[in-house]
Amino acid sequence: MKLENVSPAKLYLFSLSTTSIPLPSGQFLDMVLPCYLVETSGGQHILIDSGMAPDVPRPPHAPPSKNQKTVLEYLSALHLRPEDIDIVICTHFDVDHAGFHDSFPRSGFVVQRQHYELARCGDARYALARPHWDHPDLRYTLVEGDTELFPGCTLLETSGHAPGHQCVLLRMPKTGPVLLAIDAVVMERLFTPDRRAWPTDHDEAQLRASTCKLLQIVKQEEISLVVFGHDGRQWETLKKCPEFYD
């Protein structure tokens with residue numbers, strides 16, 4: 001699945017919810033749950049992830065989420081309907097990233113083959129959101145490794161947090177290159193070669209290798225904007241919808 005003769009024109013950041021997690025030190029870890037929308041120079045719309053599944057119960061004692069707004073509400077505010085989304089880029093099928101996929105049955109979906117096949121084989125990690133990402137009406141294109149989806153939009157295979165996880169590199173006309181790190185690097189302070197895995201990460205060696213790969217890309221491409229997956233403090237400094245990066 002590729003688009004031709006188009007390039008990224010606008011990048012919208014959707015903040016779907018925020019959470020402050022208390023730490024043993026007495027401080028708080030500010031987390032954001034995001035997804036993203038790219039509008040191309042040809043008027044197509046590419047959604048990147050879709051947020052938390054609406055039917056998933058909250059874990060006991062989980063801190064409350066605030067500022068909640070669904071991807072559908074964000075799209076409506078931009079005067080877009082689900083059928084206006086041409087492509088959904090699936091970074092991975094964790095429940096907070098794939099929960100509204102079934103709201104886009106007319107869209108084409110793009111995911112790494114390794115990740116799709118693992119999830120379809122019944123990996124328990126992706127079971128909570130399976131009714132949403134494995135809906136029979138959804139059409140998937142499977143890619144392998146780094147893939148140019150269309151000029152100015154490259155999918156980067158970054159296993160570690162999950163097998164076949166992918167990030168998105170966008171080359172914006174004014175902002176320049178923008179790296180959406182997603183869950184390969186969830187917090188800015190983790191963007192270092194010697195980082196340690198979190199309990200939610202699949203493989204520490206792969207996670208470090210993917211982090212080093214992204215650090216090298218940032219250096220080669222001279223990327224000045226890296227959007228980290230769930231870093232609430234960084235997100236306070238970013239343009240959020242209805243503002244956009246162009």
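Predicted model: local features only at pLDDT ≥ 70, side-chain atom pairs only at ≥ 80, totals over all residues.

User: Start with strand β10. How many of its residues are buried?

Analyst: Strand β10 covers residues 176-182, and seven of its seven residues are buried.

User: In what sense does β9 pair with it?

Analyst: Strand β9, residues 166-172, pairs with β10 in the antiparallel sense, over five bridges. In that pairing, Val168 stands opposite Leu180 of β10. The two strands form a hairpin, with three residues between them.

User: And β11, parallel or antiparallel to β10?

Analyst: Parallel: β10 and β11, the latter being residues 225-228, pair over four bridges.

User: What unit do β10 and β11 make with helix α4?

Analyst: Together with α4, residues 204-221, they make a β-α-β unit that is right-handed.

User: Ok, new topic. How many aromatic pairs are there?

Analyst: The count comes to eight aromatic pairs. One of them is Phe93 with Tyr140, an edge-to-face pair at 6.0 Å centre to centre with 80 degrees between the planes.

User: Why does that pair tie together parts that are apart in sequence?

Analyst: Phe93 lies in the loop between β4 (87-89) and β5 (108-112), whereas Tyr140 lies in strand β6 (residues 139-143), so the pair ties together parts 47 residues apart in sequence.

User: Are Phe93 and Tyr140 buried or exposed?

Analyst: Both Phe93 and Tyr140 are buried.

User: What about Tyr116 and Tyr140, what kind of pair do they form?

Analyst: Tyr116 and Tyr140 form a tilted pair, with 5.0 Å between centres and 45 degrees between the planes. This pair also links distant parts of the chain: Tyr116 is in helix α2 (residues 113-120) and Tyr140 in strand β6, 24 residues apart. Tyr116 is buried, as is Tyr140.

User: Which residues form the aromatic cluster with those?

Analyst: One aromatic cluster is formed by Phe93, Phe109, Tyr116, Trp133 and Tyr140.

Methods
Residues numbered from 1 in each chain as written. Heavy atoms only, no water. Buried < 20%, exposed > 50% of the residue type's maximum accessible area, 1.4 Å probe, protein only. Pairing = 2+ DSSP bridges. Right-handed = clockwise from strand over helix to strand, strands pointing away. Phe/Tyr/Trp six-rings, centres within 6.5 Å; stacked < 30°, edge-to-face > 60°.
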